[in-house]
Amino acid sequence: MNTKKKSRSLLKLVWHVLTAPFWAVIGIVWLLVRLVRFIDGVGTAIAVMRPEVLCPAGHANHTEGVFECGYCGGRYRGSVWICPLCQSPAKHFPCNQCGLSIRPPVL
Ligand SMILES: [Zn+2]
Ligand SMILES: [Zn+2]
């Protein structure tokens, strides 16, 4: 009885030792994913907050001003990236010089 209990606790210990690296790897991967997402989020936030954005041809466009929403058709003053009337995010907007579509840094 006693030896059976002992061997079971030993088995438990071996199991913990064997599974510990597995959980450590899971933990590290989880931390890395969170870190990458955090850095990505900060980069996106900084890019969205920039007052100017470059079109594919290199023309500078203001991201703050008067824009027309492609979803609800409303005209508003604010950020080009999000419509304050319908809360829709912009998929793209045309360059004020060459007309090429500029994608938001979020997408
Ligand atoms: Zn809208
Ligand atoms: Zn342009």
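1. What radius of gyration does the protein have, and what would a compact globule of 107 residues have? The model is a predicted one, in which local features need pLDDT of at least 70 and side-chain atom pairs count only at pLDDT 80 or more, while totals for chains, interfaces and linings use all residues. Residues are numbered from 1 along each chain as its sequence is written, and chains are lettered from A and ligands numbered from 1 in the order in which they are written. The protein has 26 Å, whereas a compact globule of 107 residues would have a value near 13 Å (taken over C-alpha atoms, the globule rule being 2.2 Å times the number of residues to the power 0.38).

2. The C-alpha trace spans about 85 × 30 × 20 Å along its principal axes. Domain 1 (1-49) and domain 2 (52-102) divide the protein, with bounds from an automatic or database domain assignment, and their centres, taken over C-alpha atoms, are separated by 43 Å.

3. Strand 3 (residues 64-68) and strand 4 (residues 75-79) pair in the antiparallel sense over five bridges (strands are DSSP runs of E, at least two residues, numbered from the N terminus; pairing requires that DSSP finds at least two bridges). Phe67 stands opposite Tyr76 in strand 4, and in the turn of this hairpin Gly73 has a positive phi of about 80 degrees.

4. Ala90, in the loop between strand 4 and strand 5 (93-94), counts as buried because it has 20 C-beta neighbours inside 10 Å (buried means 20 or more other C-beta atoms within 10 Å, exposed 12 or fewer, partly exposed in between, with C-beta atoms placed from the backbone). Of the 107 residues, 7% count as buried.

Technical notes:
Helices (H or I, at least four residues) and strands (E, at least two) are DSSP runs, numbered from the N terminus.
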